Amino acid sequence: MPIEQKIMATIIGRKKEQKELRRLYESDEAEMIVVYGRRRVGKTYLVNQTFANVGFTFKVTGIHKARMAEQLENFVSALREYSGDNTWPSPKTWMEAFGQLKEYLIKSKSGHRRVLFIDELPWMDTQGSKFLQAFEWFWNSWANAQDDLMLVICGSATNWIINKFFKQKGGLYNRANSKMYLSPFTLAETEQYLQKQGFKMERYDIAQVYMIMGGIPYYLKQLEPGRTLADNIDNCFFKKNGKLWDEFDNLYETLFTHSEVYVKITSALASKRIGLTREEVITLTKLPDNGMTSQALKNLVKCGFVRAYHYYGRKNKTMTYQLADFYTLFYYKFIEDNYGRDEHFWTHMLDNPKKNSWLGYSFEQLIKDHIDQLKRALGIGSVLTQQSSWFIEQRDLNDSALDGAQIDLLIDRRDKAINICEAKFYSGEFAIDKAYSLKIRNKIAAFKSATKTRKAIVPTIVTTFGLKHNMYSGNIQQEVELDDLFST
């Protein structure tokens, strides 16, 4: 029976990943697949569900912060379980452990495709263990010549996967046949997941869930049907020993070596809405001006926690870094200083100015995470574009009649147009008043004056429930609603 007929129909989204896993399963060659991505994003679930009815010939999961001896004992315990042979001796080295795995696989040859699954592989690579050398020997000297083997590797420590596995210049270089980065759910997938869990929730509330949890399946699983949204958030984050009360420390410790460096960087980025340059990060954090800080920023970008971009029109190519992880931003804005103080904190935040400010900023980030959906709604899905931000202070403008301006999202199009986007997360139709109309006009005038662009400017607004048309709404040429961002 083809594997696609065996896969359980319980996975939300992940169509591309499932298709790739099916293709490699049907291959007549040895295949190594690396599935990586942030903690709680569903890597293990994807692999387990994809091969649920096929079964694993061998499966083992690394142990976080365990010593080499404990990792080895865990490995041989899995070998004993899958082989049905309790006489395998405890190995002293990883060379011995992989030698035992090779011996078992030679004996277990069945004429059918065999799937090996090593989950949280980076945790096995403890200091001085020589794990990678042994793994390299196992794959290059024997496993990659076995046409019936499919090896799936998972890891939450994304920086380890990238820097010590993908960029490894030794025998493992370019050995992975497929590198599969698992992203958080989109809005549409989040909606599907919540519906499957029994929620009847309007998209306005789903968007708020997304701006708190960021489309992370494990976080979404903690929500309970029957509770209000505010009560669910209190139950997860603000009640003493709530479901996700210790998630922040666990998240960074499992993802990054020297996690304190990454926490300092993300904390600094959370303080500046438009982001920071590397030099500004160093100034705020007092981290050393060396390669370690640069690498940490790169790792945060690769893991999807930070967005890196250039300001439009800036002559130098200095990169600006902006915090992009929804949960991390929510933690710094609300959880860090409020956990355990008020178990109904989020319920009491209704119409709080700080909450409204956070909603506005997070909605901008949500739009940036759904840029493909936004472009389709604007009718430019096939147009080559580059997204960036822009700002200028009044003192830097040639025209003293203009005020300084900031544009959080502009879409520079190959078809000689630029969408200048405004984002408004509002509980009903959004009405542009005189003051806001003047603000939009000033942004456009300041942008044209400073950049000298000859491209057509397309004022664009993205709202939750649409724009209320009045005497001031004529400034806007294109409108996008929240529903458009739920497209697949």
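These are my notebook entries on a predicted model of one protein chain.

**Ground rules**

I count residues from 1 along each chain as its sequence is written, and my side-chain values use heavy atoms, with hydrogens and water left out. As the model is a prediction, local features need pLDDT of at least 70 and side-chain atom pairs count only at pLDDT 80 or more, while totals for chains, interfaces and linings use all residues.

**Confidence**

I looked up pLDDT, the predictor's confidence in each residue, from 0 to 100. The protein chain averages 91, and 96% of the residues score at least 70. I then went through the elements; helices (H or I, at least four residues) and strands (E, at least two) are DSSP runs, numbered from the N terminus. For contact I take heavy atoms within 4.5 Å.

**Cores**

I looked for nonpolar cores, meaning sets of buried Ala, Val, Leu, Ile, Met, Phe, Trp, Tyr and Cys residues joined through side-chain atoms within 4.5 Å. Buried means under 20% relative accessible area, exposed over 50%, and partly exposed in between, with a 1.4 Å probe and protein chains only. The largest core holds 96 residues, and Met213, Phe237, Phe330, Trp346 and Leu374 touch the most other members. I followed up Phe330: leaving out residues up to four places away in sequence, Phe330 touches Ile212, Ile233, Phe237, Phe238, Ile335, Trp346 and Trp358. Another core, of 40 residues, lies apart from the largest one and includes Tyr36, Trp88, Ala97 and Leu149.

**Pockets**

I searched for open space on a 1 Å grid over the protein atoms alone: a pocket is an open set of points with protein on both sides within 12 Å along at least five of seven lines, a cavity is a set of points where a 1.4 Å probe fits but cannot get out, and lining residues have an atom within 4 Å of a point. Grid points are joined across faces, edges and corners, and a volume is the space filled by probe spheres set on the points.

The largest pocket holds about 1,100 Å³ of space. I find 42 residues in its lining, with Ser183, Thr186, Lys368, Asp369 and His370 nearest the centre. Among the elements that give two or more residues to this lining are helix 1 (15–25), helix 16 (353–369) and strand 10 (405–413). For classes, Ala, Val, Leu, Ile, Met, Phe, Trp, Tyr, Cys and Pro count as nonpolar, Asp, Glu, Lys and Arg as charged, and the others, Gly among them, as polar. On that basis the lining of the largest pocket has 14 nonpolar, 15 polar and 13 charged residues.

The second largest pocket holds about 650 Å³. Of its 25 lining residues, Arg40, Gly42, Lys43, Tyr45 and Tyr218 are the closest to the centre. Helix 2 supplies the largest share of this lining, five residues.

**Cavity**

I count one cavity of 30 Å³ or more. The largest cavity has about 50 Å³ of space, and its lining is Ile420, Glu422, Ile440, Lys443, Ile444, Pro459, Thr460 and Ile476. Helix 18 gives the most to this lining, three residues. By class, I get five nonpolar, one polar and two charged residues.

**Helix 17**

I noted that Ile371, Gln373, Leu374, Lys375 and Leu378 are buried in helix 17. Their cover includes helix 16, strand 9, strand 10, strand 11, strand 13 and strand 15 (478–481). After helix 17 comes Gly379, with a positive phi near 80 degrees.

**Single residues**

I checked Asn299, which lies in helix 14 (residues 291–302). Asn299 counts as buried because its relative accessible area is 3%. Apart from neighbours within four places in sequence, Asn299 is in contact with Asn159, Asn163, Phe256 and Tyr262.

Lys286 has a positive phi near 60 degrees and is not a glycine. Lys286 sits in the loop between helix 13 (278–285) and helix 14, and counts as exposed because its relative accessibility is 71%.

Lys416, also not a glycine, has a positive phi of about 65 degrees. I place Lys416 in the loop between strand 10 and strand 11, where it counts as exposed at 62% relative accessibility.
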